[in-house]
Amino acid sequence: MLARVEGEGALDLSIENGEISELRLRIFEPPRLFEKFLEGRSHLEVPDMVARICGICPVAYQMSAVQALESILGIEPTPWIRDMRRLFYCGEWIESHSLHIHLLAAPDFLGFSNAIDMAGKYPDVVRRGLRIQEAGNAIISFLGGRSVHPVGARVGGFWHAPAAAAAAKLLAELQALLPEAEALVLWTAALPLPHATQDFECVSLGHAGEYPITRGRIVSSRGLDISIAAFADEFQESHAPHSTALHCHHRGQDYLVGPLARLNLNLDQLPAPTRALLERCGMRFPSFNVFHSIVARALEIHAAFVEAIRLLEAYAPTATPYLEAAPRAGVGFGASEAPRGILWHRYELNEDGSIASARIVPPTSQNQARIEADLRASLHRFGLEQPEEKIRQHAETVIRNYDPCISCATHFLKLSIKHKA
Amino acid sequence: MNAHLHPPVRILCIGSPAEPDNLGFLAAHALMGRFDPEQVEVLALDRPGPRLIEHMRGADTVILVDAVISGAAPGTLHTLEGRALDGLVMHQTSTHGFGLAETLALADRMGELPPHLKFIGLEAGAQPFAADEIAQLAKAVSDTATAVLDSAGKPRQV
């Protein structure tokens with residue numbers, strides 16, 4: 001993996017005799033080489049280092065890493081640690097999803113060029129979105145000390161257990177905002193989303209008894225059910241000449257990870273209040289219209305609120321917020337559901353606990369081939385004879401809908417169209 | 001963030017802990033300890049994006065501190081307020097395309113700007129900021145905050 005999380009993108013499109021002859025989503029952010037940086041460092045440094053990969057989803061990087069490292073060290077997290085990791089992660093889903101819905105995706109569906117213009121007509125909607133995002137940040141700060149690049153997590157658990165009073169205060173804030181999360185679901189379900197069903201494989205984690213966040217097996221809509229250790233046997237990363245991001249395929253085919261894939265595969269694991277809300281909103285899942293991702297994100301925000309409230313209602317500080325174990329050599333795997341989909345890690349440790357090798361497969365790599373396949377189908381349906389500006393807008397909408405970590409760059413996507421007779 | 005727990009005057013210094021975009025952090029360290037924390041809050045914010053709105057909420061006066069590039073001589077101080085803040089250019093290179101200018105425009109559209117908003121920028125150059133430039137900036141920020149407190153008839157120094 002070339003761990004780029006924000007970067008510049010461009011779309012090269014060649015149209016020949018009214019057909020797309022070439023379509024390449026180029027990511028040319030320079031490699032960041034985090035995996036090489038990790039080599040030789042102590043395993044205890046990994047959570048703080050990988051948190052720096054992404055300012056939007058640092059928790060995901062930390063949680064996949066500690067899972068892999070603890071599997072080598074033989075650490076079995078206590079129920080308290082498991083619950084707090086789930087709570088920590090709920091905060092990240094809330095802040096990341098809310099940012100994407102309000103500042104990136106919704107303006108596309110409402111005909112605005114950006115969130116600032118949208119805020120002029122829908123100030124209460126954007127204000128609500130920012131409040132929800134702040135709630136997610138507050139959860140991350142509760143356990144992480146700060147919301148960006150949090151420092152509270154460590155191999156074995158958390159550095160300290162927050163006070164009960166802090167948990168009670170956070171709980172009250174989340175309870176007060178839960179109706180707003182509910183209203184957000186209904187608002188997204190009423191958006192004028194394009195009708196664009198496609199055929200693709202959904203891949204996510206799956207874990208009996210819970211909506212997958214921090215753990216699970218890898219499952220798919222086409223019957224895959226494997227342990228996370230088998231990921232590399234099924235999914236292949238490859239270099240594409242036009243991109244510095246690796247492309248990932250499942251046995252040669254593109255596939256979808258992220259909120260829509262998770263929801264499609266884990267409907268029965270949604271918390272009961274979120275399931276009831278889904279019934280009320282009038283949407284039907286599983287859905288293979290990728291534009292329904294915005295509703296899936298809103299539903300996951302609601303589910304994360306419900307989960308966070310449940311975990312905080314039961315919260316009590318512990319005297320052992322982390323476990324320790326002597327270093328030893330070995331290989332371990334970690335996978336969790338980052339806001340954008342499965343984030344897979346593999347580490348090899350030396351006997352002294354230093355990192356011998358690291359491999360990280362982020363969701364954006366996994367979705368890149370799917371985005372290209374979607375663009376090919378969507379632009380064809382949209383009409384290749386349309387003016388370039390309209391094609392650019394539609395292509396941006398398609399790309400942003402996946403919430404790739406190149407979102408910032410794809411706001412000003414460079415579009416190159418070549419027409420050939 | 002609970003606004004009632006934070007003072008009405010806030011100095012929000014924007015940047016990164018690491019060079020080259022570390023002006024905000026250098027300025028914040030230069031300012032810390034100069035004010036009664038009950039009256040003036042000094043924060044170093046690492047590329048906050050739209051979270052800046054959260055940090056401004058409930059404040060009467062916010063002084064923003066950041067590095068700028070306008071073509072002026074390195075070390076030049078820029079002070080903007082009111083509609084002059086519209087002159088900040090949206091560059092879309094920050095987290096998910098939301099930098100300071102975009103965030104202020106978003107807050108403005110939603111009516112979330114504080115009643116008094118001042119921006120103090122220091123022109124960046126090719127070299128890291130020198131100690132005297134940081135001191136110059138800190139003095140400008142300190143003078144502005146002091147004037148605000150004086151006009152409100154509030155005690156200011158620690």
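A:His195 lies in the loop between helix H7 (164–189) and strand E5 (201–206) of chain A. Helices (H or I, at least four residues) and strands (E, at least two) are DSSP runs, numbered from the N terminus. The model is predicted: local features need pLDDT of at least 70, side-chain atom pairs count only at pLDDT 80 or more, and totals for chains, interfaces and linings use all residues. Residues are numbered from 1 along each chain as its sequence is written, while chains are lettered from A and ligands numbered from 1 in the order in which they are written.

- A:His195 is exposed, with 7 other C-beta atoms within 10 Å.

- In chain A, 3 strands form an open sheet in the order E11-E12-E13, with antiparallel pairing; two strands pair if DSSP finds at least two bridges between them.
- Strand E11 (330–338) and strand E13 (355–361) of chain A are the edge strands, each pairing on one side only.
- From one strand to the next, the twist averages 15°.
- E11(A) and E12(A) form a hairpin with 2 residues between them, and their antiparallel pairing extends over 9 bridges. Within this pair, A:Gly334 stands opposite A:His345 in E12(A).
- Strand E12 (residues 341–349) of chain A also pairs with E13(A), in the antiparallel sense over 6 bridges. The bridge partner of A:Glu348 is A:Ser357 in E13(A).
- E11(A) is largely enclosed by the rest of the structure, because 7 of its 9 residues are buried.

**Helices packed on this sheet**

- Helix H3 (residues 58–73) of chain A lies across E11 and E12 of chain A and runs at about 150° to E11(A). Angles run from 0 to 180 degrees between N-to-C directions, and axes are lines fitted to C-alpha atoms, for helices over the stretch in contact.
- H12(A) packs on the sheet as well, touching E11, E12 and E13 of chain A, and its direction makes about 130° with that of E12(A).

**The pair H12 and H13**

- Helix H12 (residues 363–382) and helix H13 (residues 388–401) of chain A pack at an angle of about 145°, with their axes 10 Å apart.
- On the H12(A) side the contact includes A:Ile371, A:Leu375 and A:Phe382, and on the H13(A) side it includes A:Ile391, A:His394 and A:Val398. Two residues are in contact if their C-beta atoms, placed from the backbone, lie within 7 Å.

**Helix H11**

- The 21 residues of helix H11 (residues 293–313) of chain A should span 30 Å at 1.5 Å a residue, and the end C-alpha atoms are 30 Å apart, which agrees. The expected span is 1.5 Å times one less than the number of residues.
- H11(A) is largely enclosed by the rest of the structure, since 18 of its 21 residues are buried.

**The sheet E7-E6-E5-E10**

- An open sheet of 4 strands in chain A has the order E7-E6-E5-E10 and mixed pairing.
- Its edge strands are strand E7 (225–226) and strand E10 (255–256) of chain A, each pairing on one side only.
- Strand E6 (residues 217–220) of chain A pairs with E7(A) in the antiparallel sense over 2 bridges, and A:Ile218 stands opposite A:Ile226 in E7(A).

Note on methods:
A residue is buried if 20 or more other C-beta atoms lie within 10 Å of its own, exposed if 12 or fewer, and partly exposed in between; C-beta atoms are placed from the backbone.
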